[in-house]
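Below is a short briefing on one protein model. Look through the sequence and the structure before reading the points that follow.

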Amino acid sequence: MALWISAAKKIGNLGAFTATAFSLQDATASDIAGAVTATTGDLVLRVTGGGAVDVLNAGKLASTSGTVSVRADGFAVIG
């Protein structure tokens with residue numbers, strides 16, 4: 001599943017979910033607040049426009065058979 005977010009719709013907090021594959025491109029900073037897992041493909045997060053990706057205490061990025069990729073101007077593990 002690929003998801004591109006327009007300037008009017010932004011994801012600031014990504015909670016827990018599982019998908020076969022997942023790709024997200026957004027123009028705002030994102031907090032990963034739950035376990036995000038791709039079961040049969042890659043997990044890709046890309047933040048453009050100077051935003052950062054922060055993985056919070058309960059946050060997790062995983063892929064059972066693919067890769068995990070994060071592209072952003074900043075990345076932090078909080079907790």
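**The segment after β11**

G79 has a relative accessible area of 93%, so this residue counts as exposed. The structure is a predicted model. G79 belongs to the segment that follows β11.

- G79 and G59 are separated by 20 residues in sequence. In space, their C-alpha atoms are 9.5 Å apart.

**The open sheet**

- An open sheet is formed by 4 strands, with parallel pairing, in the order β2-β5-β8-β11.
- The edges are taken by β2 (13-14) and β11 (74-77); each has a single partner strand, so one side of each has no neighbour in the sheet.
- β2 runs parallel to β5 (residues 30-32), and 2 bridges join these strands.
- N13 is placed opposite D31 in β5.

**Strand β4 and its partner**

- Side chains alternate along β4.
- β4 pairs with β7 in the parallel sense, over 5 bridges.
- L24 has L45 in β7 as its bridge partner.

**The nonpolar core**

- The largest nonpolar core consists of 12 residues: L14, F22, L24, I32, V36, A38, L43, L45, V47, V53, V55 and L61.
- At least two residues of this core come from each of β4 (22-26), β6 (35-38), β7 (43-47) and β8 (52-55).
- β7 supplies the largest share of the core, with 3 residues.
- Both L24 and L45, the bridge partners named above, are listed in this core.
- Which residues is V53 in contact with, leaving aside its neighbours within four places in sequence? They are S30, I32, V47, V70, A72, G74, F75 and A76.
- Two of these contacts of V53, I32 and V47, are also listed in the core.

**The aromatic pair**

- A pair of aromatic rings is described by the distance of the centres and the angle of the planes.
- The count of aromatic pairs in this model is 1. The pair is edge-to-face because the ring planes of F17 and F22 are at 75 degrees, with the ring centres 4.9 Å apart.
- F17 counts as partly exposed because its relative accessibility is 23%.
- F22 has a relative accessibility of 5% and therefore counts as buried. F22 is also one of the residues of the largest nonpolar core.

Technical notes
Residues are numbered from 1 along each chain as its sequence is written. This is a predicted model: local features need pLDDT of at least 70, side-chain atom pairs count only at pLDDT 80 or more; totals for chains, interfaces and linings use all residues. Side-chain values use heavy atoms; hydrogens and water are left out. Two strands pair if DSSP finds at least two bridges between them. Rings of Phe, Tyr and Trp (its six-membered ring) pair if their centres lie within 6.5 Å; planes under 30 degrees apart count as stacked, over 60 as edge-to-face and the rest as tilted. Buried means under 20% relative accessible area, exposed over 50%, partly exposed in between (1.4 Å probe, protein chains only). A nonpolar core is a set of buried Ala, Val, Leu, Ile, Met, Phe, Trp, Tyr and Cys residues joined through side-chain atoms within 4.5 Å. Contact means heavy atoms within 4.5 Å.
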